[in-house]
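User: Please go through the model below with me, and for each label tell me which criterion stands behind it.

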Amino acid sequence: MTSLFAIVDCNNFYASCERVFNPALNSRPVVVLSNNDGCIIALSNEAKALGVKMGTPYFQARPQLEEYGVAVFSSNYELYGDMSRRVVETLQQFTPNLEVYSIDESFLDLGDFYKVDLQEYARTIKETVKQWTGIPVAVGVATTKTLAKVANRISKKSAKANGVLVLTDERHIEAALKRTEVGDVWGIGRRYANKLAGLGIHTAWDLRNVTDAFAKKHLTVVGLRTVKELRGESCMELEHMPPAKQNICTSRSFGKTLTELTELEDALATHTIRCATKLRKQKSCAGVITVFLMTNRFTEQHYYYSRTVKLDSPTNSELELLRHATKALKQMYRPSLQYKKAGVIVSDIVPANQVQLSLLTSHNTDRDNKLMQTLDSLREKYGNKFVKYGVQGSNEAIKKWELNRDHISACYTTDITGLLKVS
DNA sequence: TCTGGGGTCCTAGGACCC
DNA sequence: TCTGGGGTCCTAGGACCC
């Protein structure tokens with residue numbers, strides 16, 4: 001029984017999302033910036049054709065962008081998240097055996113579809129997603145996830161393929177792997193690509209033909225799996241249910257540098273609450289919380305402070321996490337430094353229903369759980385900004401550390417608090 | 001002036017125990 | 001006091017992904 005996978009990948013996803021609700025952009029190059037308007041993280045094909053590169057700091061690219069009349073957007077994750085859901089719902093019409101791999105990519109298990117015309121089927125997927133959501137996608141089909149990714153990549157580049165490539169024929173696979181650079185293989189990053197080049201491995205085809213021992217020695221067992229997948233031996237199953245996260249991190253750069261303890265408390269409280277909310281959403285508790293502060297990493301003197309606290313008993317109560325985070329912050333804080341970024345990481349995560357209550361803390365837990373449930377539903381209804389703690393300060397104070405989002409698009413699919421509009 | 005955020009997995013080496 | 005070996009756990013660092 002041979003496996004069969006499709007990977008459906010949205011083209012230039014964030015840029016495409018901006019275009020869906022603003023058709024005037026269809027004739028213009030579009031870029032989307034990272035948080036804080038820092039770097040370019042998405043480009044339309046037209047912007048790529050101008051030579052603008054992914055990851056470039058906005059302030060460096062800005063003159064060029066203005067010269068060419070490129071449309072520039074701050075990232076709008078409410079919009080992208082909502083569009084992502086629409087794409088997934090469309091794909092679910094084709095098969096329930098689907099893995100949402102990232103905000104813009106899904107794997108489909110086509111294991112039972114050998115009898116259908118795959119080319120035709122893949123094209124129907126692509127056209128349906130475009131028609132129902134407005135988002136252009138590319139579809140790659142093969143017997144392993146890694147080969148499907150290769151097919152997907154080529155389908156975008158080849159005019160003939162036009163966004164759909166079924167890679168099941170041995171001769172076609174060989175040709176595809178020969179024209180794929182080794183660094184473009186899923187699982188081979190820049191470091192490994194350089195290392196492999198030094199060892200005479202330049203294409204995906206070269207990599208497919210190394211021995212198992214060679215792969216394991218130079219690329220660890222992870223790389224060996226990649227090599228096997230390139231040979232057509234499926235080593236990565238579809239993951240229907242994403243496993244609960246083992247670490248959860250919320251961090252942001254500030255719009256401006258901060259020096260005051262109260263401002264940092266405010267920012268970190270918001271991050272802590274987001275971490276706690278994420279924990280509750282996946283029904284987990286964390287046994288360890290880490291708080292970190294850093295100054296600008298691009299200046300000569302760069303400071304990074306962090307403090308890790310092991311809790312008596314795992315929790316997802318933001319009240320308790322806030323207590324520890326605030327205390328840790330006070331211990332780390334040095335006045336007179338220009339802080340640029342802060343964050344909270346919760347780890348040692350366990351399922352909430354497996355938490356052993358310590359006698360010391362158990363009397364609080366019931367009350368906390370009920371309060372957290374209430375807060376979650378209030379926030380879902382009225383938005384995150386609706387419920388706040390004293391430590392989070394007034395709305396005035398928040399402006400100082402909030403992100404720069406000078407080029408944000410309108411909230412087409414959500415209102416300002418992140419609520420779904422009823423349409 | 002301005003440089004993102006959030007994850008996973010594997011390995012090597014040290015600490016510690018028997 | 002000296003000696004050897006093996007197992008486990010933890011951490012830091014390095015690689016990758018989107």
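**Labels and their criteria**

Analyst: A polar side-chain atom of R252 lies 2.7 Å from a phosphate oxygen of DNA strand B. This is a predicted model, in which local features need pLDDT of at least 70 and side-chain atom pairs count only at pLDDT 80 or more, while totals for chains, interfaces and linings use all residues. Residues are numbered from 1 along each chain as its sequence is written, chains are lettered from A and ligands numbered from 1 in the order in which they are written, and side-chain values use heavy atoms, with hydrogens and water left out.

User: What makes the pair formed by R252 and a phosphate oxygen of DNA strand B a polar contact?

Analyst: A polar contact is a pair of N or O atoms within 3.5 Å; within protein, one must be able to donate a hydrogen and the other to accept it, and residues adjacent in sequence count only if both atoms are side-chain atoms. The R252 pair, at 2.7 Å, is therefore a polar contact.

User: Which elements give two or more residues to the surface near DNA strand B?

Analyst: They are helix 10 (212–230), strand 9 (248–258) and strand 12 (339–351), where helices (H or I, at least four residues) and strands (E, at least two) are DSSP runs numbered from the N terminus. Strand 9 provides the largest share, six residues.

User: How many residues surround DNA strand B, and what makes a residue count as near?

Analyst: A residue is near a molecule or strand if one of its heavy atoms lies within 4 Å of it. For DNA strand B there are 23 surrounding residues, the closest being C249, S251, R252, S253 and R297. Sugar and phosphate make up 71% of the atoms of DNA strand B that come within 4 Å of the protein.

User: Why is G189 called partly exposed?

Analyst: Buried means under 20% relative accessible area, exposed over 50%, and partly exposed in between (1.4 Å probe, protein chains only). G189 has a relative accessibility of 38%, so the label is partly exposed. G189 is placed in the loop between helix 7 (170–178) and helix 8.

User: Are N12 and N36 buried or exposed?

Analyst: N12 has a relative accessible area of 18% and is therefore buried; N36, with 14%, is buried too. N12 is found in the loop between strand 1 and helix 1, and its phi is near 45°, a positive value in a residue other than glycine. N36 is found in the loop between strand 2 and strand 3 (40–43), and has a positive phi of about 65° although it is not a glycine.

User: What makes a set of residues a nonpolar core, and which members of the largest core touch the most others?

Analyst: A nonpolar core is a set of buried Ala, Val, Leu, Ile, Met, Phe, Trp, Tyr and Cys residues joined through side-chain atoms within 4.5 Å. The largest such core has 36 residues, of which L110, I125 and V141 touch the most other members. Helix 4 (77–91) gives the most to this core, with six residues.
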